[in-house]
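Here is a short report on one protein chain. Keep the sequence and the 3D view open as you read.

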Amino acid sequence: MKYIIFILFTVMTNAAAQLMLKQGMMSMGPISLEGVNPLVKLLQIVFSPWVFLGLCTFVISMASHLYVLSRVELSFAYPFLSLAYVAVAIFAYFVFREDLNGWRIAGIACICVGTILIAQSGREHEDQTASIAPDRTRASEIVR
């Protein structure tokens, strides 16, 4: 649980990147490849300010996630990324005026409950690890 701040940072930077990408694509309008070299169009998209900032934010999010994965079990850390769905839905409602109907709210509630259950499983694992650690220390001392 001591890495939860890094996990939540990963989630929030992931969500922020999604919002920036959406803003960037809205500012560009619908994409059309008619009469345009697809590579040129791709470069125009990637280097538009909001899209580029979103991609950079994804890199920061991934670096944070890699740090978390070096410290925490994958089966504990990865499900927290589903909270990015929650953050994106809520922020998209306020920023882009996207629909947040009853079905989406129910889905958000399910995601939150599932994440809480997973977080509790991490707490139990820490308690078990802490209680096993002294036994390992004694066993290594006996071997010496």
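Along the sequence, the chain follows the pattern α-α-α-α-α-α. That comes to six helices and zero strands. The model is predicted.

**The chain as a whole**

The chain has 144 residues, and buried residues make up 26% of them. Now take the contacts between residues at least 6 apart in sequence. Of these, 79% join residues at least 24 apart.

**A pocket**

Turn next to the empty space. Rolling a probe the size of a water molecule over the atoms shows where such space is left. The second largest pocket has a volume of about 170 Å³. Which residues line the second largest pocket? The lining consists of Asn14, Gln18, Tyr78, Leu81, Ser82, Ala84, Tyr85 and Val88. Two elements give two or more residues to this lining: helix H1 (4-28) and helix H5 (83-95). H5 gives the most, with three residues. By type, the lining divides into five nonpolar residues, three polar and no charged.

His65 sits in helix H3, which covers residues 49-71. Is His65 buried or exposed? His65 counts as buried, because its relative accessibility is 9% and the cut-off for buried is under 20%. Leave aside the neighbours within four places in sequence. His65 is then in contact with Thr10, Tyr78 and Leu81.

Phe52 touches Val46 and Phe47, not counting residues up to four places away in sequence. Now compare sequence with space. Phe52 and Gly24 are 28 residues apart in sequence. Their C-alpha atoms are 8.4 Å apart in space.

**A residue in a loop**

Where does Arg97 lie? Arg97 is in the loop between H5 and helix H6 (102-143). Arg97 is not a glycine, yet it has a positive phi of about 60°. Arg97 counts as exposed, because its relative accessibility is 66%.

**Cysteines**

A disulfide is a covalent bond between the sulfur atoms of two cysteines. How many disulfides does a search of the whole structure find? The search finds zero. Take Cys110 as an example. The closest cysteine sulfur to that of Cys110 is in Cys112. The two sulfurs are 9.4 Å apart, so they are too far from each other for a bond. A disulfide would need the pair within 2.5 Å. Cys110 is exposed, with a relative accessible area of 57%. Cys56 is partly exposed, at 31%.

**Accessibility side by side**

The table collects the residues discussed above by relative accessible area.

| Residue | Relative accessible area | Class |
|---|---|---|
| His65 | 9% | buried |
| Cys56 | 31% | partly exposed |
| Cys110 | 57% | exposed |
| Arg97 | 66% | exposed |

Find each of these residues in the 3D view.

Definitions and conventions: Residues are numbered from 1 along each chain as its sequence is written. This is a predicted model: local features need pLDDT of at least 70, side-chain atom pairs count only at pLDDT 80 or more; totals for chains, interfaces and linings use all residues. Side-chain values use heavy atoms; hydrogens and water are left out. On a 1 Å grid over the protein atoms alone, a cavity is a set of points where a 1.4 Å probe fits but cannot get out, and a pocket is an open set with protein on both sides within 12 Å along at least five of seven lines; lining residues have an atom within 4 Å of a point. Grid points are joined across faces, edges and corners, and a volume is the space filled by probe spheres set on the points. Helices (H or I, at least four residues) and strands (E, at least two) are DSSP runs, numbered from the N terminus. Ala, Val, Leu, Ile, Met, Phe, Trp, Tyr, Cys and Pro count as nonpolar, Asp, Glu, Lys and Arg as charged, and the others, Gly among them, as polar. Buried means under 20% relative accessible area, exposed over 50%, partly exposed in between (1.4 Å probe, protein chains only). Contact means heavy atoms within 4.5 Å.
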